[in-house]
Amino acid sequence: MDARLKTLAIIYSAHKEQMTEKTLACAKGCATCCTRNVTLTTLEGRRLYDWIASEAPHLMDEIKKDAHKPRQIPTYTINGLTDLCMAGDEVPEESSDPGWGACPLLSEEGLCQVYEARPFACRSMVSQTRCEEGGFAEMDDLTLTVNNALMQYIEHTDDKGLTGNLTDVLLLLEDEANRTAHEAETLTPPDTHFMANRPAQVLMVPPPHREAVGNIMQEIQAKKG
Ligand code: SF4
């Protein structure tokens with residue numbers, strides 16, 4: 001197994017552990033955040049693609065059926081954003097509209113059809129209040145920090161990979177040659193739909209959260225061995 005996939009599983013598990021300590025309003029069937037605007041790294045895409053190929057291959061048809069529809073195309077990655085902020089540079093705008101419709105992996109009953117393999121962007125979209133009431137997810141500052149830090153860690157782990165929209169990443173990785181190239185860390189951006197990942201130069205963690213995030217990172221390192 002690609003060691004990076006093992007690290008990803010450990011990061012997902014560390015995040016799950018953190019979220020079980022929170023009181024969240026998120027529940028089965030609540031799908032306000034399940035839009036066409038989910039972005040992820042190719043490492044997460046490989047985990048997701050492998051799960052779909054083995055458990056529910058028909059879902060690739062759902063992806064293709066809606067592939068002509070508008071969706072968020074990332075113009076920066078989380079580590080790219082951190083580098084821009086550190087340099088005091090302007091952050092490029094990203095077009096994103098929940099009105100573009102639901103995630104192609106959401107069932108008609110409002111259930112995620114890839115729940116076990118869903119990307120971190122979905123795992124981190126937690127809320128203390130029902131999103132449909134306020135129109136946005138409400139989370140405490142520490143949760144936001146932990147989410148950002150773990151997202152940075154995932155990109156860092158996949159620093160030779162790419163970030164793209166869920167639809168684009170799955171279509172890219174459907175090609176075995178691209179999955180092989182990802183494993184060999186030789187994947188190159190095929191077009192403007194993807195951003196090249198970067199290593200994390202620094203984690204975006206404010207001083208009051210450093211101890212908590214440091215403990216999570218230490219736990220992850222210990223599990224990686
Ligand atoms: S992958 Fe699942 S959790 Fe994520 S947006 Fe799609 S349906 Fe929702």
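Colleague: What should I keep in mind about numbering and confidence here?

Modeller: Residues are numbered from 1 along each chain as its sequence is written. The model is predicted, and local features need pLDDT of at least 70, side-chain atom pairs count only at pLDDT 80 or more, and totals for chains, interfaces and linings use all residues.

Colleague: Happy with that. Which residues surround the ligand?

Modeller: Around the ligand you will find Cys34, Val38, Cys103, Leu105, Leu106, Cys112, Val114, Arg118 and Cys122. The test for being near a molecule or strand is a C-beta atom, placed from the backbone, within 6 Å of it.

Colleague: And how many of that shell are nonpolar, polar or charged?

Modeller: The shell has eight nonpolar, no polar and one charged residues. The classes are as follows: Ala, Val, Leu, Ile, Met, Phe, Trp, Tyr, Cys and Pro are nonpolar, Asp, Glu, Lys and Arg are charged, and the others, Gly among them, are polar.

Colleague: Why is Leu48 called buried?

Modeller: Leu48, in helix α2, has 22 C-beta neighbours inside 10 Å, so Leu48 counts as buried. The cut-offs are 20 or more other C-beta atoms within 10 Å for buried, 12 or fewer for exposed, and partly exposed in between, with C-beta atoms placed from the backbone. Helices (H or I, at least four residues) and strands (E, at least two) are DSSP runs numbered from the N terminus.

Colleague: Which residues does Leu48 touch?

Modeller: Leaving out residues up to four places away in sequence, Leu48 touches Val114, Ala117, Pro119 and Leu170. Contact here asks for C-beta atoms, placed from the backbone, within 7 Å. Leu48 and Leu170 are 122 residues apart in sequence, yet 8.0 Å apart in space, C-alpha to C-alpha.

Colleague: What makes a set of residues a nonpolar core?

Modeller: A nonpolar core is made of buried Ala, Val, Leu, Ile, Met, Phe, Trp, Tyr and Cys residues joined through C-beta atoms within 7 Å. The largest one has 36 residues, of which Leu150, Ile154 and Leu170 touch the most other members. Two or more residues come from each of α1 (3-20), α2 (42-55), α3 (59-65), α5 (120-123), α7 (141-157) and α8 (166-174). Helix α7 gives the most, with six residues. As for Leu150, its contacts are Ile11, His15 and Phe120, not counting residues up to four places away in sequence.

Colleague: Why is α1 called roughly perpendicular to α2?

Modeller: The two helices pack at an angle of about 90°, with their axes 10 Å apart, and that makes α1 roughly perpendicular to α2. The axes are lines fitted to C-alpha atoms, for helices over the stretch in contact, and angles run from 0 to 180 degrees between N-to-C directions. Arg4, Leu5 and Leu8 in α1 meet Leu43, Glu44, Arg46 and Arg47 in α2. By class, this contact has three nonpolar, no polar and four charged residues.

Colleague: What makes α4 roughly perpendicular to α7?

Modeller: Helix α4 (residues 78-87) and α7 pack at about 110°, with their axes 8 Å apart, and that makes α4 roughly perpendicular to α7. Ile78, Asn79 and Thr82 in α4 meet Asn148, Met151, Gln152, Glu155 and His156 in α7. This contact has two nonpolar, five polar and one charged residues.

Colleague: Why is Ile220 described as partly exposed?

Modeller: Ile220 has 17 other C-beta atoms within 10 Å, so Ile220 is partly exposed. This residue is in helix α10 (residues 210-224) and touches Ile10, Ile11 and Ala14, not counting residues up to four places away in sequence. The C-alpha atoms of Ile220 and Ile10 are separated by 6.4 Å, although the two are 210 residues apart along the chain.

Colleague: How do you know that Glu185 is exposed?

Modeller: Glu185 has 12 C-beta neighbours inside 10 Å, so Glu185 counts as exposed. Glu185 is in the loop between α9 (176-183) and β3 (195-196). Its phi is near 60°, a positive value in a residue other than glycine. Most residues other than glycine have a negative phi.

Technical notes
Contact = placed C-beta atoms within 7 Å. Parallel < 35°, antiparallel > 145°, perpendicular 65-115°, else oblique.
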